[in-house]
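Let's take a walk through a protein fold together. Keep the picture in view and turn it as you read.

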Amino acid sequence: MRIIATIPHPKLTISIFSMNDKYQVKFEAGPMEQTYKFSHAEVEGVEGIKKMVDDAFLEQIIARFNEMFLAYKAAKERLNA
């Protein structure tokens, strides 16, 4: 798997990988990550992925990260209780 592009964002690290006829788009925030896979036939290259990663999609990604962080924080608190 090799990184072929990044998408700049002020809060997230967004990396695009290519491997085995699939693109993987990885979003990272702190200790968490989300990865989405698309076949090369589904999107028109890196530019197609960049179009898909629009404001509405990013809002959902960030909301999911917030949920993940709350679960992560609660798990750490239970461990330290």
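This is a predicted model: local features need pLDDT of at least 70, side-chain atom pairs count only at pLDDT 80 or more; totals for chains, interfaces and linings use all residues.

**Strands first, then helices**

I7 has I14 as its bridge partner in β2. Residues are numbered from 1 along each chain as its sequence is written, and side-chain values use heavy atoms, with hydrogens and water left out.

Now back to the strands. Helices (H or I, at least four residues) and strands (E, at least two) are DSSP runs, numbered from the N terminus. Two strands count as paired if DSSP finds at least two bridges between them. In general, strands of a sheet pair through backbone hydrogen bonds, either parallel or antiparallel. Here, four strands make an open sheet in the order β1-β2-β3-β4, with antiparallel pairing. At the edges sit β1 (2-7) and β4 (32-39), each pairing on one side only.

β1 and β2 (residues 13-19) are joined by five bridges. Between β2 and β3 there are seven bridges, and M19 stands opposite K22 in β3. These two strands form a hairpin with two residues between them, and N20 in the turn has a positive phi of about 50 degrees. Next, eight bridges join β3 to β4, where Y23 stands opposite F38. The hairpin of β3 and β4 also has two residues between the strands, and there G30 takes a positive phi near 55 degrees.

How enclosed is β3? Six of its eight residues are buried, so β3 is largely enclosed by the rest of the structure. "Buried" means under 20% relative accessible area, "exposed" means over 50%, and "partly exposed" is in between (1.4 Å probe, protein chains only). Over in strand β2 you'll find S15, which is buried at 6% relative accessibility. Leaving out residues up to four places away in sequence, S15 touches I3, A5, T6, Q24, V25, K26 and E28 (contact means heavy atoms within 4.5 Å).

Time for the helices. In α1, the buried residues are G45, G48 and I49. Looking down the axis of α1, these residues fall within an arc of 100 degrees, so they line one face of the helix; the arc is that of the directions from the helix axis to the C-beta atoms. E47 and K51, on the other side of α1, are exposed. What covers the buried residues of α1 includes β2 and β3.

In α2, F57, L58, I61 and F65 are buried, and their cover includes β2, β3, β4 and α1. An α-helix has 3.6 residues a turn, so residues three or four places apart point the same way.

One last stop: the aromatic rings. Rings of Phe, Tyr and Trp (its six-membered ring) pair if their centres lie within 6.5 Å; planes under 30 degrees apart count as stacked, over 60 as edge-to-face and the rest as tilted. The whole structure has three aromatic pairs. One of them is Y36 with F57, edge-to-face at 5.5 Å centre to centre and 65 degrees between the planes. Y36 lies in strand β4 and F57 in helix α2, so this pair ties together parts that are 21 residues apart in sequence. Y36 is partly exposed at 22% relative accessibility, while F57 is buried at 18%. Together, F27, Y36 and F57 form one aromatic cluster.
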